[in-house]
2 protein chains.
Amino acid sequence: MEEGLIGLEEKELLACCGSTQFAKEMASVSPFPCLDQAVSAARHIWFNLVDVNGWLQAFSAHPQIGQSPSSHPETDPTFAQWSKGEQSTALATATDSTSKQLSDWNARYRNKFGFVFLICASGRTSAEILAELKKRYPNKPIVEFEIAAQEQMKITELRLEKLFSAKQKAAVTGY
Amino acid sequence: MEEGLIGLEEKELLACCGSTQFAKEMASVSPFPCLDQAVSAARHIWFNLVDVNGWLQAFSAHPQIGQSPSSHPETDPTFAQWSKGEQSTALATATDSTSKQLSDWNARYRNKFGFVFLICASGRTSAEILAELKKRYPNKPIVEFEIAAQEQMKITELRLEKLFSAKQKAAVTGY
């Protein structure tokens, strides 16, 4: 590989976004000279090429907000670790009452929309997430489907950033 | 049932729109005093209550445009008959060349979007349908998903009209 280029593999990309179509398309245009170009490719692939079944597949890779990622059956260790990190503010600020409410509202949401409530949780408290869930709940299914896809993209960007940073460090130190 | 009211059953509603959620919700608010109220309920249920998985389920009940409905595995006889009737103009105007192109483009469409190309075919020629398919093909998956849902609603309305008219006739003649 040309010097300075960062190559991303399907398995690593699946930990950023759980759609196999996304991971395959991204891997096929890898390597990338910088994070910006990887993010730009990811946005194009996610919004223009991945079909609605692929969106649903990516959503289904997420644990319920407030729930441990390890309780989700097919979780990759990297995905689980990132998911936990993204929810660290929420987990630190959760009271028994908000945890219980979050769990109840998550169930209502899933029952109405057929997929898990998706939000880029990074830096958000448990109360903020709950308020957002309640605000989004009255939406039409198609509207909520698009919002969830946008939240997924924010999560994917954060994870691509982590992946890039780890790979750049490894390239410098030789590990 | 109160006189003048038309009751619709789940099985009949499934022939209008292949989403079980749609059929159940419609049956739960049946009977209807007139077609307009049934259509209005159907629109509300389809666009606000049926989730994205329900939309995909309804789409999958359709044969490929230009293909015989009976070649679709789980086709109800009423659904198949209506589907054939709606495509009668298309079938009558199809040449070998448009049929072949339609079949090729349908395959491309399905490959890109993950569901069958859906169009309210009533009164449209084979060439018109092909032109519409080519026009819609460059759309983003989410945009096409919504267009398909709107086309499904048009088909549902036409079928509700047929169902109503048959039921009203039966009520008058006693059959």
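Let's start with A:Ser19: does A:Ser19 count as buried or exposed, and what is its relative accessibility?

Modeller: Bear in mind that this is a predicted model. A:Ser19 counts as buried, because its relative accessibility is 0% and the cut-off for buried is under 20%. You'll find A:Ser19 in the loop between α1 (10-16) and α2 (20-29) of chain A. A polar atom of the A:Ser19 side chain lies 3.0 Å from the backbone nitrogen of A:Phe22. If you skip the neighbours within four places in sequence, A:Ser19 is in contact with A:Leu14, A:Trp46, A:Val50, A:Gly54, A:Gln57 and A:Ala58.

Now on to a helix of chain A. Helix α7 (residues 96-113) has 18 residues and reaches 26 Å from its first C-alpha to its last, close to the 26 Å expected at 1.5 Å a residue. The buried residues in α7(A) are A:Thr98, A:Leu102, A:Trp105, A:Asn106, A:Tyr109, A:Lys112 and A:Phe113. They cover an arc of only 130° around the axis, so they sit on the same side of α7(A). Just after α7(A) comes A:Gly114, with a positive phi of about 80°.

What covers the buried residues of α7(A)? The cover includes α8 (126-136) and α9 from chain A, together with α3 (35-49) and α4 (52-60) from chain B.

That brings us to A:Pro141, which is found in helix α9 (residues 141-173) of chain A. A:Pro141 is buried, with a relative accessible area of 2%. Leaving aside neighbours within four places in sequence, A:Pro141 is in contact with A:Phe113, and also with B:Phe47, B:Asn48, B:Leu49, B:Val50, B:Asp51 and B:Val52. For a sense of scale, the C-alpha atoms of A:Pro141 and A:Ser30 are separated by 34 Å, and these two residues are 111 apart along the chain.

Terms used
Residues numbered from 1 in each chain as written. Chains lettered and ligands numbered in written order. Predicted model: local features only at pLDDT ≥ 70, side-chain atom pairs only at ≥ 80, totals over all residues. Heavy atoms only, no water. Helix = DSSP H or I, 4+ residues; strand = E, 2+ residues; numbered from the N terminus. Buried < 20%, exposed > 50% of the residue type's maximum accessible area, 1.4 Å probe, protein only. Contact = heavy atoms within 4.5 Å. Expected span 1.5 Å × (residues − 1). Arc of directions from axis to C-beta. Polar contact = N/O pair within 3.5 Å; in protein donor to acceptor, adjacent residues only side chain to side chain.
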